[in-house]
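Hello,

Here is the structure I said I would pass on. My notes on it follow below.

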Amino acid sequence: MTRSKALPYLLLAPATLFLCVFFLYPFVLVAHEAVTRDGAYTFANFRTMAEHWKFPATFWNTMLLAIVVVPLQLVLALTMASIVSRVESGRGAILYIFAIPLGISDLAAGLIWLAIFEQSGFLNTWLVGLGVADQPVMFLGYQSKLSIFVAVVLAEVWRATAIMMVILVAGMGLIPKEYGEAAEVFGASAWKRFTRVTLPLLRPSLQTAIILRVILAFEVFAVVAALGGTNLPVLMGETYHWQFALQDRNVAAAYAMLILAISIGFTLFFLYALRVPKEARP
Amino acid sequence: MTAILADAPAAARWDSRRRAGRFLMFAAIVLLCAWVLLPIYLLIVNALSSPNEVTGFPKRMLPSFDTGSISFFINFAGVAKALWNSILVAALTMVLSIGIGAPAGYALSRFDFPGKEAFRFLVLMTRAFPLPLLALPLAVMFIRTGLDDTPVGLAIVHTTLALPFAVLITFSLFSGIPFELEEAAWTLGCTRLQAFWKVVMPLALPGIAASAVFAFTISWNEVFAAAVLTIENRTLTAFLLQSLNVSPLYLKFAGGAALVVPALIFIFAVRKYLFAMWGIANR
């Protein structure tokens, strides 16, 4: 019996060890790097980061992207999930198609939308073909920040809605059908049933989906790199820039800490805002 | 219900409303499928056109099935090696995350022990962290240990991304296999290991394969850590990212297609298990 008491710990040991060495410890390291320079504790790295001329734009671009992208994705993911959980035939095929972007790299997603938005791309072909534009428009040049932003939003919505959709479909599957049917008997419209029955019961999955998505939204990197280059600076891109081009690990670490702080802040906020009251838990 | 709706106009109204609803639903499905598939199609069209067509204007909506872009991509200096590195790193990630994650998933599903919740918390916590950032401190750590710019080093970072999924998927897999089956095997004289190997393993194998494919996909797609941690041994994503500024359009699109097409196959292979991966995220 003593063997089977030790067994679970033996089985967990590799994973625990791995996460401690390659997950917890490195985060301690990066935190340490962010608050030191040449061996002395200092806030200089954060000051260098914040005083750089690009920083305000970088920070607000990232925030604005998250604020625009996540609600759009939430609506789209809810629509997709409702369709998938209601459709009778072809559910598997529809679900697979909706889930495809889940497996696509953010870099590939950026390149996919580059094919549409670049100057000799498909959007211009259609615009000129329809007579809307006389000649190809330059959407992704350094002077057209707004259209770069729109392209990045579209690419992000296209790429990362699937992850929310799958979580929400799973959550909708856990809601007993009887609730909706009971509401229908009492004359609730489809919209009422959705807002008064489905949405409140979906809260735990909504919480998971939103938290996951918001964290990923602050990690936006390759999509922006592919579509905007450095014309639309974002936090992760600047982290990379400081690490590589400017060879300043400490400032890159400060950026990492900032991204981490924002992620944790939003996680805590949504844990609180979308908490399920204790008495309502199953 | 039909008896209540006996009066004809109401029934007709009901009927037309239902039909309108069904039409709306159908339209939404078609529209959303097009939203997902059309951009991928356009990338494939570009990849299957000649370099001149890719940079030319206007674009044709059908590919010319010219292999010029693709052969340029394949023969471009560094691409073959980058492809090989991507596969190598992804395979290592797959082996590491399943090898470490599956035992943990099994332990979580079969035992109750002090510290179980703490471990689950550790695994779930990884999701609240921007994991690609790990590449920054690990770059230093790897230089000290000689792991810098090696497939193994990058695979370790990718394993931190894939491990939580591996643990959670295998946990739900093993939970779905009745413990009684194992017990029956023990009473028939199997040791614990034999029972696991001969009874549980065959049942769990398809699911484990799916989570292995998922781990492979995570690594295959990862950009930031790959770009930070590799210089000579770049993966395909790192190669494409670092040559964004200098490479011609047709190289980018052929490279994009090279990233997307395997991903399509991977997702198709694991489609049955998508929910096991994310459904448990609700608990």
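The C-alpha centres of domain 1 and domain 2 of chain B are 33 Å apart; the domain bounds come from an automatic or database domain assignment. That assignment puts domain 1 of chain B at 8–68 and domain 2 of chain B at 77–282.

This is a predicted model, in which local features need pLDDT of at least 70, side-chain atom pairs count only at pLDDT 80 or more, and totals for chains, interfaces and linings use all residues. Residues are numbered from 1 along each chain as its sequence is written, while chains are lettered from A and ligands numbered from 1 in the order in which they are written.

Between the two domains of chain B, 8 residues of domain 1 are in contact with 7 residues of domain 2 (C-beta atoms, placed from the backbone, within 7 Å). On the domain 1 side, helix 1 of chain B gives the most, with 5 residues (helices are DSSP runs of H or I, at least four residues, numbered from the N terminus). By class, that side of domain 1 of chain B has 6 nonpolar, 2 polar and no charged residues (Ala, Val, Leu, Ile, Met, Phe, Trp, Tyr, Cys and Pro count as nonpolar, Asp, Glu, Lys and Arg as charged, and the others, Gly among them, as polar).

Between the chains, 74 residues of chain A are in contact with 72 residues of chain B. Helix 1 (residues 2–34) of chain A gives the most to the chain A side, with 14 residues. That side of chain A has 55 nonpolar, 14 polar and 5 charged residues.

Regards

Notes: Helices (H or I, at least four residues) and strands (E, at least two) are DSSP runs, numbered from the N terminus.
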